[in-house]
Amino acid sequence: YVFGSYIASHMAYRATFSKLSSVSVARRAAIVVGVTNKNSIGYSIAKSFLDPLFFRPGDPSAKIVPRSIFDDVVVTYKPSSPCKDTDRVGRSVQRLTDRWNESNDSTNGSGRMICAPLDLTCDRSIESLFTSTLPSLLSSPSSSSSGYSGLHAVVHSAAYASPSCMKKETSTPLLDTSSDDFLTAHHASSYSFIALARASLPHLLMVSENDDDYDNNSWSPSITGLTYLGSTRAVPPYGVMGPAKASLEAVVRGLAAELGRPPNGVRVNAVSSGPIATVSARGGIPNFYRMRDVARERNMTGRDVTAQEVGGVVRSLADGSVGGAGRGVTGQVWFVDGGYSSTGI
């Protein structure tokens with residue numbers, strides 16, 4: 001009897017899911033900037049965007065079916081040379097997206113992952129992505145879609161500081177930072193957020209400002225950046241990246257104020273994560289493992305924060321649906337650091 005009930009419920013679930021394509025739900029697209037390998041925080045964010053959640057079609061009384069929060073997620077990588085289209089990193093990221101798409105498809109409620117080159121310090125690269133690459137990549141193969149309609153969320157997961165200032169053997173790395181290295185860090189880590197917001201703004205979709213009616217297509221778009229506690233606290237190994245992240249957080253607040261009201265209606269936030277052993281962090285931050293160990297010892301959980309946990313919080317902030325966790329949040333910095341930022345020792 002129990003097994004028969006399981007089969008019946010499973011068949012009902014499959015039948016309900018198969019009807020999802022007949023429901024009038026627009027395709028949702030997002031872009032995650034800054035993916036280099038499977039350990040990148042950006043890659044975990046992209047996967048969280050595509051993992052199936054539970055979704056209730058149109059009628060509030062309808063059965064719940066699985067669907068990822070986004071149908072299409074474009075992940076970008078930085079080419080090894082400025083304004084270069086393809087290289088070794090691109091091939092590596094392409095393999096990541098291919099493996100994801102082979103293991104996940106629309107039959108289990110998951111979306112698709114696509115990769116594209118983007119150098120945030122190159123104006124031509126940014127223009128090319130938004131004027132030609134995105135419309136081409138996001139033209140849906142589905143006959144129920146009319147093609148590229150725009151973006152619903154943007155994530156800035158990119159930062160850079162010259163090794164010449166991050167690797168200096170000195171007790172005063174910030175004091176010894178040159179003007180060129182200072183400007184490079186701020187351009188790549190903070191100004192690039194402005195450049196990305198400006199280029200993506202015409203593509204971000206605010207659908208329906210009225211939350212009174214239950215509308216599946218109602219959406220509040222968002223731009224989210226990644227930051228770190230070194231923006232407000234002195235973290236000596238972090239060097240010039242501390243001021244760069246402080247600048248980024250100020251940019252987030254400023255853009256949230258400028259873009260929050262109609263006709264834009266764009267929410268802008270940042271997520272501040274604890275130390276995570278990405279390739280960039282391990283190779284770019286002096287004494288990174290010591291910094292991570294101190295955070296683990298002193299935070300409130302006694303363990304390391306994971307990229308998956310950061311991805312889950314970014315997904316919540318990006319959820320602009322009616323009743324979505326992030327719909328009323330803008331101009332904020334959310335901490336995902338096990339409570340380390342709230343400790344007194």
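**Rings and charges in a predicted model**

Let us start with Phe288, which is buried, with a relative accessible area of 4%. Buried here means under 20% relative accessible area, exposed means over 50%, and partly exposed lies in between, using a 1.4 Å probe and protein chains only. Residues are numbered from 1 along each chain as its sequence is written, and side-chain values use heavy atoms, with hydrogens and water left out. The model is predicted, so local features need pLDDT of at least 70 and side-chain atom pairs count only at pLDDT 80 or more, while totals for chains, interfaces and linings use all residues.

Now look at the rings. A pair of aromatic rings is described by the distance of the centres and the angle of the planes. Rings of Phe, Tyr and Trp (its six-membered ring) pair if their centres lie within 6.5 Å; planes under 30 degrees apart count as stacked, over 60 as edge-to-face and the rest as tilted. The structure holds four aromatic pairs. In one of them, Phe288 and Tyr289 have ring centres 5.5 Å apart and planes at 70°, so this pair is edge-to-face. Tyr289 is partly exposed, at a relative accessible area of 41%. Elsewhere, ring pairs link Phe49, Phe70 and Trp219 into a cluster.

A ring can also meet a charge. The charged end of Lys78 sits over the ring of Tyr160, 5.2 Å from its centre; this label requires NZ of Lys or CZ of Arg within 6 Å of the ring centre and within 35 degrees of the ring normal.

Next come the salt bridges, of which the structure holds seven. Each is a side-chain nitrogen of Lys or Arg within 4 Å of a carboxyl oxygen of Asp or Glu. Arg27 forms one with Asp72, with the closest N and O atoms 2.8 Å apart. Arg27 lies in the loop between helix H1 (2-18) and strand E1 (29-33), and Asp72 in strand E4 (residues 72-77), so the pair ties together parts that are 45 residues apart in sequence. Helices (H or I, at least four residues) and strands (E, at least two) are DSSP runs, numbered from the N terminus. Arg27 is partly exposed at 27%, whereas Asp72 is buried at 3% relative accessibility.

Finally, find Glu309 and Arg303, whose side chains meet in a salt bridge (2.8 Å, N to O). Glu309 is partly exposed at 28% relative accessibility, and Arg303 is partly exposed at 39%. Salt bridges that share partners also join Arg292, Asp293, Arg296 and Asp304 into one network.
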